Amino acid sequence: MVDANTRQKLFGTPETNFLNCSKGWKSWAFTLDHKRIGIMYLIGVTVALFLAGIFALVLRSHLFTFDSTMLSDDMYNQMFTLHGAVMVFSFIIPSIPAALGNIVLPMMLGAKDVAFPRMNLASFYLWIIGTGCLLGAILSGKGLDTGWTFYTPYSIDTNTGVIYATFGAFILGFSSIFTGLNFLVTVNTMRAKDQGWFKLPLFVWSLYATAIIQVLATPVLGITLLMLIAEKTLHIGIFDPKYGGDPVLFQHFFWFYSHPAVYIMILPAMGVISELISVYSQKRIFGYSFIAFSSVAIALLGFLVWGHHMFTSGQSLVVTLIFSAITFTVAIPSAVKVFNWLATLYKGSILLNTPMCYALSFIFLFGIGGLTGLFLGALSTDIHLHDTYFVVAHFHFVMVGGTLTALLGGVFHWWPKIWGRMYNDFLGRVGCFLVFSGFNLTFFPQFVMGSRGMPRRYASYDPEFQAFHQLSTVGAFVLGIGILLSFVVLVYAAFRGPRCSSNPFRAASLEWQSSSPPDFHNFIQTPVLTDPYDFESQVYDEELDTYIPREFANPDKVAPRKEPVHH
Amino acid sequence: MSEHNEDLPAFCHPVSTKLLFGVFFGLIGLTILTVATSALGTGLGMPPAFAFPLAMVIATIKAFLVCAFFMHMYWDKSFNVLAFLSSLLFVTLFIGMTMMDTGEYQPTIEAFDRNNLANVDVSE
Amino acid sequence: MNWQLPLMLAQTNDSTLEELRKRTEAISMQGTAVPDSSLVREGTSNPFATEYWFPTQASSFAGEIDFLYMAIFWISLIFFVAIVGSMVYFCVKYRRKDGVIAPEPSSSHNTAIEILWSVLPSIILVWIFYVGAETWFEMRIPKENSEEIQVTAKQFGWLFTYEDGDQTNELHLVRDKPVRLIMQSEDVLHSFFVAAFRQKMDIVPGRYTYAYLEPIKDGVYRLSCNEYCGTGHSKMKTACIVHVSEEDRKNNTKWIEAEKTPFENGQRIYQIHCSGCHKVDGKAATGPALNLIWGKNETMIDGTSELVDEAYVLDSIWYPEKHIVEGYGPVSKMNSFKGILDQKDVDYVIAYLKELKKSTGDAK
Amino acid sequence: MAVADSHDTHDDHHDLYDHGEFIAHHFDSAEQQFDSGKLGIWLFLVTEILFFSGLFVAYTLYRTNHPEVFEQAHVFLNKYLGGLNTIVLLFSSLTMALGVRSAQLGRNKNCSVYILITMVCATMFLGVKAVEYSHKWDMGILVRSSFDLTYTHPTPTTEIGKSLHISDYLVYLCIVPALLFAGFVVASAISKLINKNMLAKFLMAMAITVSGYFLGVCIGIIFMSATDAETGSSHASVIAEQPLMLLASTQDDHSDGDHDEADHDKADHDKAAGDPSHDGEHSDNEEHFGAHPADGGEASFDDHHPDPSTLDRDIGIFFSIYYCMTGLHAIHIIGGIIALGWLYWRSLLGHWRTDYFGPVDYVGLYWHLVDLIWIYLFPLLYLID
């Protein structure tokens with residue numbers, strides 16, 4: 001029990017916080033504070049998102065008519081390559097872990113910072129250098145036209161800026177490793193006192209599972225790209241058939257990283273959704289341990305299925321069969337998560353604000369993304385659908401419908417915590433609706449095109465697909481407007497939004513026990529360890545207009561605790 | 001075998017010099033052994049198929065010695081040991097799957113080489 | 001305009017193969033589009049029908065693939081409707097009213113139900129895997145007595161060599177005759193894909209890959225490259241023509257050089273070797289268009305000007321790096337055809353170019 | 001973690017050692033800090049192993065698919081030089097372990113000596129490697145695309161090379177270390193003059209470190225000429241005169257094998273033609289497809305001889321892998337030397353205490369890993385029989 005002054009000090013809006021405790025560009029550029037690094041990452045990935053998004057809109061505009069001459073074939077190839085490479089390496093992979101995770105993870109553990117703050121900053125600068133090198137391919141005047149997969153031997157034959165781009169991806173790989181390594185150590189050694197593994201928020205579990213993949217898989221990307229650079233400059237004869245190498249081996253190398261990388265992209269998104277669903281239903285998450293272990297299961301199974309990208313690549317029969325069989329096993333933990341989210345909604349007290357709208361869109365879109373994976377996991381249908389628009393639609397449903405939606409939901413959820421200001425919920429929901437409908441309009445027609453045999457990466461196509469492509473293009477612009485609107489809403493909120501309290505949503509994980517915006521050290525006083533899904537532990541404080549832990553509340557004004565009911 | 005004394009914090013385990021030198025001479029002995037078996041292998045009547053596994057077994061014993069004593073794994077937290085050893089699992093997976101696959105389709109490469117290599121200008 | 005193509009094809013539902021083929025020739029002469037008779041479909045506006053999602057089933061295993069696709073489609077739909085339906089229902093029924101937080105008490109874990117919803121989908125997944133693998137074996141293991149056709153892919157064209165030595169740049173098959181395609185690539189990765197057959201296989205340089213199929217329906221289908229291969233990737237498509245009889249096919253694939261005019265021989269060489277990158281409809285593709293090129297003064301990349309004559313054509317075919325026309329390259333470069341086309345072949349090409357210039361020039 | 005320090009420490013918060021006890025501000029105790037670092041370095045080693053795994057995969061695949069190439073290729077590698085390097089590296093591991101022990105006991109002076117010895121061993125290793133590399137380059141043994149045994153460069157043309165009878169490439173490889181050596185000596189002298197004794201000591205130690213490279217080069221040359229007679233293969237001029245003979249002998253083996261295979265294929269195919277059920281066996285089918293020339297022509301198998309370029313090509317790939325593996329390892333050694341230099345500096349400053357020795361321990365682990373990888377590289381590359 002504490003007095004009102006202490007309550008005011010702990011949960012009121014503070015005069016100094018991590019945003020204003022030091023000033024000048026140096027205090028940002030050389031900061032070791034995980035929150036500031038997270039914000040810089042957020043700005044960085046937003047720039048990458050807009051850049052790659054513009055590439056995407058140019059592509060879609062080009063595809064509006066079947067014989068469009070807006071871009072030359074070379075330009076088209078460079079556009080889709082850069083769209084893919086920037087989106088994957090510079091945007092999606094760092095988006096949730098490095099930007100959002102960086103800000104939230106240490107606070108969820110009640111820690112002052114991540115275990116290695118300097119490494120964290122190094123990770124961000126490596127991200128900048130890597131993205132710079134990737135884009136250096138454009139600045140070099142040569143562009144990049146290999147597809148984001150850098151498949152040999154085309155990547156060796158082409159005289160575009162493959163070396164810049166692969167070097168950039170190599171650096172970005174190390175940036176990702178640094179983040180993952182940091183998170184693994186942070187979760188292992190920096191948890192609050194008595195915070196056991198099963199008292200961690202599920203977002204932490206998912207980040208932990210992600211970090212396992214980042215640490216184990218990303219080095220393989222590093223060596224693959226180094227060998228590709230050596231192949232391109234010295235012709236070492238490992239991947240280049242002209243010198244006795246084996247292009248299919250390159251695909252094995254590449255997908256040994258890049259398939260697990262798919263889970264680097266989606267696992268943190270699932271973690272965010274677990275948080276949002278539970279907080280905005282005000283109900284303990286259903287099946288905590290199943291969701292937690294399914295994250296780790298997905299991470300580990302993700303290493304066993306890379307060959308499903310190679311069913312038509314000339315992979316041998318027996319290996320293909322094995323990979324297909326294991327691929328189906330990944331479906332189970334993903335399905336378990338979705339069912340558990342639904343069970344959490346059941347009998348909850350559901351608040352349909354912006355983050356929750358994104359969470360519900362996630363379930364819808366990820367549902368489609370996941371279920372269409374079944375078509376691609378089954379061997380016979382995959383042969384027909386492989387490398388068609390069906391695949392394009394499938395992975396966009398997972399990457400954009402999944403990761404981007406969860407990122408936006410998570411950003412809206414933690415935005416008041418980061419800035420101490422509230423966003424406009426109505427405009428936020430309009431943005432969410434535009435993103436959701438625009439997204440479906442863009443990618444649903446692509447399932448039809450893919451089934452009918454429209455190959456991907458085609459600069460011009462057959463006239464009978466034109467109507468579908470036009471729908472898709474219109475949808476892409478709606479999606480773009482939706483993202484832009486969300487961006488405007490968020491930026492406005494950060495600087496001009498109404499002040500908000502420390503815990504406006506009655507969330508129970510530790511980060512909400514800090515003030516909004518948090519102190520430089522995250523917590524002025526050691527936070528009280530609460531169960532992250534026991535919302536009863538947070539009680540309303542009238543003076544501060546916020547929810548605070550029962551232990552800090554004025555006992556005269558607090559209703560007696562209802563014991564959670566277990567059947 | 002670490003000399004632990006009361007003044008040192010719990011996480012500090014200096015290893016005795018005796019043990020370190022012992023491990024070092026063990027490693028040197030194994031290195032000489034592996035070179036010798038390789039150089040004289042066939043002379044000693046060792047079947048050639050045996051040489052490579054033997055060299056790898058010796059290398060693994062050496063690796064074990066380095067890990068356990070030089071790297072203090074013997075005294076380290078089991079989680080760290082587990083993390084380190086799990087990497088070998090993934091390397092095995094990587095090697096195993098790719099080897100299985102390339103081995104299966106190797107005939108298609110050999111057939112292609114037989115038919116086409118004469119036409120390829122290798123010096124290019 | 002090519003816009004009319006699907007309509008044109010829709011009307012040719014009952015046209016004979018000869019007519020379709022003529023149309024193919026006419027089209028491949030002038031544009032990029034290859035007709036696909038598999039797109040003549042029935043009941044196309046019903047998204048729950050197989051025909052909505054797929055081209056015609058033109059190979060023996062296409063039906064099985066479509067069956068599995070539709071089976072997964074229905075299973076997914078049931079799951080999806082159940083998931084989204086209950087989600088929407090919960091959101092409406094349990095939405096927070098008047099800002100009062102009042103979740104009803106309910107359990108937060110139930111091991112029995114967790115196990116149930118883990119195991120139940122697993123059984124369905126095993127079934128899907130089993131059916132998928134069964135059909136896939138059919139697609140990857142050759143049928144008895146298959147004929148063998150050599151497929152050579154290169155940037156950006158196809159060459160098919162039949163058992164009797166005939167060569168074409170369109171794939172000619174015979175209905176109900178199983179075929180084994182033995183594929184190799186001259187440069188980078190390509191992929192053989194005929195949507196109507198539901199068959200696809202990458203073509204990997206440095207080795208052979210194989211594809212097997214048995215066409216069961218005659219018609220003209222689109223054969224496209226499905227693995228990204230560079231500038232002209234989207235133009236790397238040709239027709240796959242399924243004939244009703246062996247004689248019918250032979251009539252279409254045989255070529256006796258001596259009986260043909262130099263123009264015809266030149267046209268054939270153009271189709272086999274050049275049409276992947278050079279068009280004759282006046283449009284620039286990966287390389288310059290060839291129809292009006294003869295006798296023209298071309299501006300080179302270094303600013304000099306060259307007259308297109310016999311020597312220029314020979315140089316361009318044998319030593320393509322010698323003259324690069326302004327506006328082309330540097331990403332895509334032409335390979336030398338020395339050793340593939342001899343002096344006589346080049347003469348045929350010259351005859352073809354002269355004739356082209358005359359005919360298209362006259363038309364204008 | 002009671003109420004935090006007052007806010008005025010924010011401005012210098014990036015000084016992690018503001019407690020004067022080497023505990024960074026975000027850690028609660030020395031033990032937590034040590035455990036974090038330790039887990040961090042182990043995870044880093046995990047990434048290192050997976051980083052190298054790509055090359056081990058390439059190695060394993062080419063060895064299983066082309067065992068004959070590896071048997072031919074290892075002739076060009078001198079196992080005694082490899083063994084020497086193994087021992088040098090093992091010794092450096094010992095001194096590193098002793099260095100860690102000294103740091104754990106807070107004996108900074110001992111620690112600095114051990115670290116210096118470790119660094120000297122590391123540069124010695126590189127010196128021996130340089131002898132090995134330059135020798136191979138003399139023989140035209142390069143990566144796949146430029147592998148050419150007929151290209152030889154046995155006689156030195158540079159002045160130093162001529163006077164010392166060493167390879168030009170070795171001379172080139174010694175330029176940077178020589179410059180570094182001179183630079184460190186001069187810098188050390190200047191530091192001494194301006195009374196920065198600690199810095200002078202450090203720079204002198206660096207100069208000693210670099211001199212280890214030349215020690216390695218000398219030992220390498222002596223070792224190589226001593227073992228030349230025995231291995232017979234590492235003498236450039238011998239090989240230079242007889243590359244074709246060597247190839248011819250390997251060709252015989254190879255073509256014999258090929259003949260058998262071809263005959264087998266042909267028989268198989270004949271059988272298949274008469275026996276339709278055989279076609280059901282997919283993998284067999286793929287194998288015997290070799291009997292069909294791709295161009296549909298008539299090339300017969302009986303007069304088919306493997307092109308000498310096949311072997312040439314594949315030995316080239318072996319050396320591609322060799323250079324990738326040993327080169328990447330050498331880069332790690334260089335990285336290790338830089339990290340050790342940093343440790344040496346901090347030992348001079350007397351930073352290590354019984355409750356703060358983490359950096360020595362971490363770099364030590366990294367150094368042992370580099371040793372560990374070499375322990376495997378040695379039999380894999382040098383001891384093929």
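Helix α6 (residues 246–253) of chain C lies across β4 and β10 (237–243) of chain C and runs at about 165° to β4(C). Helices (H or I, at least four residues) and strands (E, at least two) are taken here as DSSP runs, numbered from the N terminus. Axes are lines fitted to C-alpha atoms, for helices over the stretch in contact, and angles run from 0 to 180 degrees between N-to-C directions. This is a predicted model, in which local features need pLDDT of at least 70 and side-chain atom pairs count only at pLDDT 80 or more, while totals for chains, interfaces and linings use all residues. Residues are numbered from 1 along each chain as its sequence is written, and chains are lettered from A and ligands numbered from 1 in the order in which they are written.

Five strands of chain C form an open sheet with mixed pairing, in the order β4-β10-β9-β6-β7; two strands pair if DSSP finds at least two bridges between them. At the edges stand β4 (171–174) and β7 (199–203) of chain C, each with a single partner strand, so one side of each has no neighbour in the sheet. From one strand to the next, the twist averages 20°. Strand β6 (residues 190–194) of chain C runs antiparallel to β7(C), and five bridges join the two. Within this pair, C:S191 stands opposite C:D202 in β7(C).

Chain C as a whole has nine helices and twelve strands. Of its 364 residues, 42% are buried, where buried means that 20 or more other C-beta atoms lie within 10 Å of a residue's own, exposed means 12 or fewer, and partly exposed is in between, with C-beta atoms placed from the backbone. Among the contacts in chain C with a separation of 6 or more, 65% come from residues 24 or more positions apart. Two residues are in contact if their C-beta atoms, placed from the backbone, lie within 7 Å.

A cis peptide bond leads from C:Q155 to C:F156, with omega near -5°, and C:F156 lies in the loop between β1 (147–154) and β2 (157–161) of chain C. C:N145 is not a glycine, yet has a positive phi of about 55°. This residue, C:N145, sits in the loop between α5 (111–140) and β1 of chain C and is exposed, with 10 other C-beta atoms within 10 Å. For context, most residues other than glycine have a negative phi, and most peptide bonds are trans.

Omega is about -10° for the cis peptide bond that joins A:S516 and A:P517, and A:P517 is in the loop between α16 (466–496) and β1 (538–541) of chain A. A:F150, in the loop between α5 (117–139) and α6 (154–157) of chain A, has a positive phi near 55°. A:F150 is buried, with 23 other C-beta atoms within 10 Å. Strand β1(A) runs antiparallel to β2 (residues 546–549) of chain A, to which four bridges join it, and A:Y540 stands opposite A:Y547 in β2(A). The hairpin of these strands, β1(A) and β2(A), has four residues between them, and there A:D545 takes a positive phi near 55°.

Helix packing in chain A comes next. Helix α3 (residues 34–62) of chain A packs with α5(A) at an angle of about 15°, their axes 10 Å apart. That makes α3(A) roughly parallel to α5(A); angles under 35 degrees count as roughly parallel, over 145 as roughly antiparallel, 65 to 115 as roughly perpendicular and the rest as oblique. Residues of α3(A) including A:I37, A:Y41 and A:A48 meet residues of α5(A), among them A:L121, A:F124 and A:W127. By class, this contact of α3(A) with α5(A) has nine nonpolar, four polar and no charged residues. Here Ala, Val, Leu, Ile, Met, Phe, Trp, Tyr, Cys and Pro count as nonpolar, Asp, Glu, Lys and Arg as charged, and the others, Gly among them, as polar.

Finally, the chains meet one another. In chain C, 79 residues are in contact with 82 residues of chain A. Elements that each supply at least two residues to this side of chain C are α1 (5–11), α4 (62–93), α5, β6 and β7. The residues on that side divide into 43 nonpolar, 24 polar and twelve charged. Twelve residues of chain A are in contact with eleven residues of chain B, and the largest share of this side of chain A, three residues, comes from α9(A).
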